[in-house]
Amino acid sequence: MAALAIAAVVLATTCFRAWPVSAQEPAATPQAPDSTDGTVIPATSAPPPTPSTPSTPAPPELPPVVVSGEQPHDNALVERSFQAPDDLSGFGESIDTGPAWRSFQSMAEILGESVGAQVRREGGRDDFATLSIRGAPPGQVRILLDGISLGQASTGIVNLADLPIDTVERIDIYRGFAPVALSPQSAAGVVNVVTRDPKNPVATFAAGGGSFGSGKLNAGGAGPVAGGAGSAFASWHRTNGDFDFVDDNGSLHNPDDDSTHKRRNNQSDTAESLLRWHRDITDWADLQLRDLFFWKNEGVPGLGRFHLFHPKAELETTREIAVAALRGPVQPWSIEQNVSWKRQRLRNDEVGSAIFDNTAETTATTTAARWSHGVGKSNWLSLSSDYTWEGFDQQADDGVLSDENAHRSTLALAGGDDWTLHPLPVTLSFQLREQLLWNDAHSVRADSSDSENHTDPRFGLRWQAADDLVIKSNVASYFRPPTFDELYGVNGFTEPNPGLQPETGITWDAGFEWNGQSPRWGRLAVGYAYFGSRIDDGIIVMMTFSRQAQAQNVSRASIHGHEARVEWQGPAGFALSANYTFQKAINQSDPTLGEGHDLASLPPHEVYSRLSWTHGLFVIAYSIDVASAHYNDLENQNGKIPTRTVHDVTLVYGPFWKGLRMTLQCDNLANSLVPDEVGFPLPGRSFFATLSWSTQPEGSDAR
């Protein structure tokens with residue numbers, strides 16, 4: 001099917017030559033690193049490059065990539081382009097989240113609107129949420145903040161609700177594969193959240209409120225500081241989270257025992273800040289300092305039918321990341337040292353209920369180096385290395401969990417060569433990654449030390465079949481080391497298994513990206529990819545003969561699917577962003593574990609579409625998100641989660657008087673009350689309004 005689709009597009013492109021295409025910029029090549037995160041950014045081959053893409057081109061002997069026209073710097077809506085930085089043959093996208101600080105949006109919502117991505121939410125906008133890419137479990141997706149991994153060795157899963165949004169400039173998504181600059185390799189994909197770094201002096205402010213007692217404030221500014229450029233941004237979010245939901249009493253298909261309740265103990269307060277300063281210290285080096293702080297205090301509600309469980313339980317999360325980096329302002333190289341600290345305290349002091357007060361702290365430090373350079377007229381070489389030490393310490397006071405202490409050291413090395421065969425024109429991408437890790441744990445449940453290493457190659461191909469058509473294909477192996485919880489049972493609910501082996505597998509994809517433009521019909525971009533993966537030695541938690549839960553290497557699975565997306569910037573202010581994902585995830589483990597059945601919690605079909613119209617100072621947008629029915633158990637026998645359809649409407653007015661802008665939102669317009677796949681209720685219809693202000697005029701580099 002993939003071959004037929006590619007052949008059809010080649011034929012359509014040949015016939016499409018009659019469409020008058022406006023003048024495009026000449027072929028470009030990989031460019032100097034973005035000062036935001038230091039990655040090497042190749043020119044994108046599809047719709048407009050993100051505003052943060054630097055304009056200084058490298059010498060013109062490197063891989064040819066066509067760049068299309070410019071994009072406004074001050075969008076009223078979140079916009080997407082087809083290619084993520086620094087990966088010529090991979091499929092990805094770069095999302096301009098510059099407008100997000102002006103409205104009520106979350107990282108889970110923005111990522112869930114991407115092709116190939118599924119978000120599992122345990123409640124509202126500020127509640128726990130995880131990301132799956134191309135059907136892989138959330139633990140196989142690496143999430144980075146300015147290139148720094150947020151996945152902890154203790155659990156490995158990142159809560160999307162703990163990611164900043166008001167201090168974010170863009171999100172780079174790599175589906176299935178990742179560039180050399182982001183090592184080590186991921187099993188399913190990489191998401192790099194890049195924070196705001198204004199290029200010009202600016203001051204911004206936003207305030208808003210809405211349903212369920214929700215409110216927000218954010219403010220920030222940038223300008224010259226101490227001989228360099230500095231910026232500071234801060235935000236605060238608050239919600240009661242007391243939305244109405246339908247308690248199905250554990251029986252999805254028996255409406256006679258349903259009742260309506262208000263969500264309890266679902267309040268949260270969140271604060272975050274970003275401080276950044278950088279300056280050129282020599283002609284060949286730029287010094288950058290960053291500090292990112294995050295704090296959140298939230299209630300911990302139960303499942304829908306257990307909504308009264310622990311009504312006073314609270315979770316407090318504090319995270320701080322400090323970074324010092326030296327980077328080449330022209331040549332793409334960097335040396336970075338970062339230190340991150342995260343503390344989570346879960347407590348419940350209600351009399352008559354289980355009383356507990358457990359604290360877990362994780363400290364990590366990483367030394368990273370990146371280097372890229374063109375060699376001759378055909379090769380672009382890239383090297384990276386990361387050494388990370390991570391320590392986990394848990395202090396428990398509940399009679400169930402125990403005090404734990406574990407640490408992990410990881411060395412990741414990667415090298416790559418993008419080799420362009422100019423007469424064809426084809427670019428071959430070769431990568432090789434080596435990851436070594438050492439574990440050490442000391443606790444009453446386990447006392448163990450071990451080490452692992454794995455070598456993973458990747459091969460990619462990029463063929464510029466026509467000026468407006470690119471065909472891509474990739475294949476690679478990967479591995480995921482087990483977490484401390486899986487190895488040592490640090491959460492108190494699973495038995496230790498220090499002999500656990502890493503998950504391994506192979507992943508591949510193939511597809512095309514086509515883009516064209518004309519004065520009459522505007523700019524149109526279409527992309528398609530067929531993807532697949534095979535997982536071996538998958539890690540799942542099973543019951544042992546002693547009726548204790550334990551992580552074991554037993555599961556095998558195969559996943560394949562199709563991704564299709566369209567981005568259109570049309571005449572008269574109309575624009576369309578749409579995508580469709582189909583995935584078939586089959587359990588291939590033994591019959592007792594659901595062999596031949598669909599993997600749980602993965603909708604086979606998902607569709608997202610947003611149509612917007614801009615006229616003068618007004619923008620109106622309508623979006624629809626549909627996730628098909630799916631099972632939530634391995635045996636595919638329990639209740640099936642029904643299809644969920646969500647309609648949203650957004651109205652933007654401005655900027656009007658002195659840079660002010662008003663954003664009005666109606667989420668879940670049709671009031672769909674279908675729960676998520678594990679029984680947590682999701683909010684129904686809700687309304688939000690935000691008034692924002694910026695000193696930057698329309699069309700400038702306003703963030």
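Ala 226 counts as exposed in this predicted model, because its relative accessibility of 63% lies above the 50% cut-off for that class. The residue is located in the loop between strand S10 (214-225) and strand S11 (228-239). Most residues other than glycine have a negative phi, and most peptide bonds are trans. Asp 86 lies in the loop between strand S1 (79-81) and S2. With a relative accessible area of 15%, Asp 86 is buried, since the limit for burial is 20%.

The bond from Leu 424 to Pro 425 is cis, with omega near -15 degrees, and Pro 425 belongs to the loop between strand S20 (404-421) and S21. Gly 654 and Pro 655 are likewise joined by a cis peptide bond, for which omega is about 5 degrees. Pro 655 falls in the loop between strand S32 (644-653) and strand S33 (660-667).

At the level of the whole chain, the secondary structure comprises 3 helices and 34 strands. Of the 703 residues, 57% count as buried. The chain exposes about 27,500 Å², of which carbon and sulfur atoms supply 61%. Among contacts with a separation of 6 or more, 64% join residues 24 or more positions apart.

Strand S7 (residues 168-175) is mostly covered, 8 of its 8 residues being buried. S7 pairs in the antiparallel sense with strand S2 (residues 91-96) over 6 bridges, and Arg 175 in S7 is the bridge partner of Phe 91. S7 also pairs with strand S8 (residues 189-195), again in the antiparallel sense, over 7 bridges. In this second pairing, Asp 172 stands opposite Asn 192 of S8. In a regular strand the side chains alternate between the two faces of the sheet.

S7 and S8 both contribute to the largest nonpolar core, which has 32 residues. The residues with the most contacts inside this core are Met 107, Leu 111, Leu 131, Ile 143, Leu 160, Ile 171 and Val 191. Two or more residues each are given by helix H2 (107-112), strand S4 (129-133), S5, S7, S8 and strand S16 (314-327). The largest share, 4 residues, comes from H2. Leu 160 touches several residues beyond four places away in sequence, including Met 107, Leu 111, Val 119, Leu 131 and Ile 143. Apart from this core lies another, of 11 residues, among them Ala 441, Leu 487, Tyr 488 and Leu 500.

Two further aspartates are buried. Asp 146 is placed in the loop between strand S5 (141-145) and strand S6 (148-149). Asp 146 has a relative accessible area of 1% and is therefore classed as buried. Its side chain makes a polar contact with the side chain of Arg 290, at 3.3 Å. Asp 440 is found in strand S21 (residues 426-443). The relative accessible area of Asp 440 is 18%, so this residue also counts as buried under the 20% limit. The C-alpha atoms of Asp 440 and Phe 484 are separated by 9.5 Å, the two residues being 44 residues apart along the chain.

Terms used. Residues numbered from 1 in each chain as written. Predicted model: local features only at pLDDT ≥ 70, side-chain atom pairs only at ≥ 80, totals over all residues. Heavy atoms only, no water. Buried < 20%, exposed > 50% of the residue type's maximum accessible area, 1.4 Å probe, protein only. Pairing = 2+ DSSP bridges. Contact = heavy atoms within 4.5 Å. Areas by Shrake-Rupley, 256 points an atom, 1.4 Å probe, with all protein chains shown as cover. Polar contact = N/O pair within 3.5 Å; in protein donor to acceptor, adjacent residues only side chain to side chain. Core = buried A, V, L, I, M, F, W, Y, C linked by side-chain atoms within 4.5 Å.
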